[in-house]
Amino acid sequence: MKITIKLLLVVFLFTLSCKKPQEATVNTTTSVVSKPYKNYDFNTNALLQHVKTLSSNAYEGRRTGTRGAEKTRDYIINQFNQLNVKPLNGSFEQSFSFKAWGKAYEGVNVLGFIKGTDSLKKHIVISAHYDHEGIKKDKIYNGADDNASGVGASIALAEYFKQNPPKHNVVLAAFDAEELGLKGAYHFVDSKILPINQIGLNINFDMIGRNKNNELYVVGANLYEQLKPAINSISLPEGFSLLSGHDGLDNKEGWVTSSDHAPFHKKGIPFLYFGVEDHEDYHKPTDDFEKIKPVFYQNSVQTIIEVIKNLDEMSF
Ligand SMILES: [Zn+2]
């Protein structure tokens, strides 16, 4: 997830002015305990292993254009191949060039395709960015929550769809260069590799692996109300919350353009974005695998699968 520099500046200035450092400390004693689901539609250990691997130092923080990013793509494509996910339009990789803050980059999206059983024309594009901040001042930004957690969820979905083929066509997109301004997602939409009128829906994951109150947010249902029944009808494990909000209609920070769902929304394509509120390790070298909360993360992924099961029954 990306917060604008302007907002960070406002927060920084506010922090400077309010002089209440005790409020900035994290209270770990109030952690809410969440029960697991009775059954999961994916291998829960494999899910954690994906995040552990992709956020290990060997992947060097997955910065766009680096060896770590290339290694990440190889990992995702290898998983897709094992799970019968096909390349979209003949290739898993979609390359693009762009400039960010005066520097030229080469980005590469990973695009997998799962054919729907009902020969429906509309596709559900499921996305999670795989890039992160790389190495800065000799520190590796491993980005376990941001966003190895989202990529792990996409692989778990591929596993689910292998056993339970979707009715709609599904594109599994691992976007590059989100951290540099959602570049991979914008390129995907603008490239028309999939015509806009064939995209029925975007489901985006960005940071779903930890929250001290066991709260996962879903953004978009207050803007695209036709999606609400897919969310409201699921039953959640005790202590785990799926909250609707942050869509610019409440008094919370708006997340409508904060991640890769933004280019879809701007084209009028309905979206649901799943993510947690920022934590103390957000965009820091301490966003590590050890901080992921296994039960919360597994519950997030299963909750997302439950919502997607409902969405796949709908028509767009
Ligand atoms: Zn992110």
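Colleague: Hi! How many helices and strands does the protein have?
Modeller: Hello! There are 8 helices and 11 strands in the protein. Keep in mind that this is a predicted model.

Colleague: Good to know. What pLDDT does the protein average?
Modeller: The average is 92, and 90% of the residues score at least 70. Residues 4-29 are another matter: their pLDDT is below 50, and in the model this stretch has 2 contacts beyond near neighbours in sequence.

Colleague: Okay. What share of the residues count as buried?
Modeller: Of the 316 residues in the protein, 46% count as buried. As for contacts with a separation of 6 or more, 81% come from residues 24 or more positions apart.

Colleague: Let's look at one helix. Is H5 mostly covered or mostly uncovered?
Modeller: H5, residues 183-191, is mostly covered, with 7 of its 9 residues buried.

Colleague: Which ones are buried?
Modeller: Lys183, Gly184, Ala185, Tyr186, His187, Phe188 and Val189 are the buried residues of H5.

Colleague: What happens just after H5?
Modeller: There you'll find Lys192, which takes a positive phi of about 55 degrees.

Colleague: Switching topic: how far does H8 reach from its first C-alpha to its last?
Modeller: H8 covers residues 294-313, so to speak 20 residues, and reaches 29 Å, close to the 28 Å expected at 1.5 Å a residue.

Colleague: How many of the residues in H8 are buried?
Modeller: In H8, 14 of the 20 residues are buried, and the helix is mostly covered.

Conventions: Residues are numbered from 1 along each chain as its sequence is written. This is a predicted model: local features need pLDDT of at least 70, side-chain atom pairs count only at pLDDT 80 or more; totals for chains, interfaces and linings use all residues. pLDDT is the predictor's confidence in each residue, from 0 to 100. Two residues are in contact if their C-beta atoms, placed from the backbone, lie within 7 Å. Helices (H or I, at least four residues) and strands (E, at least two) are DSSP runs, numbered from the N terminus. A residue is buried if 20 or more other C-beta atoms lie within 10 Å of its own, exposed if 12 or fewer, and partly exposed in between; C-beta atoms are placed from the backbone. The expected span of a helix is 1.5 Å times one less than its number of residues.
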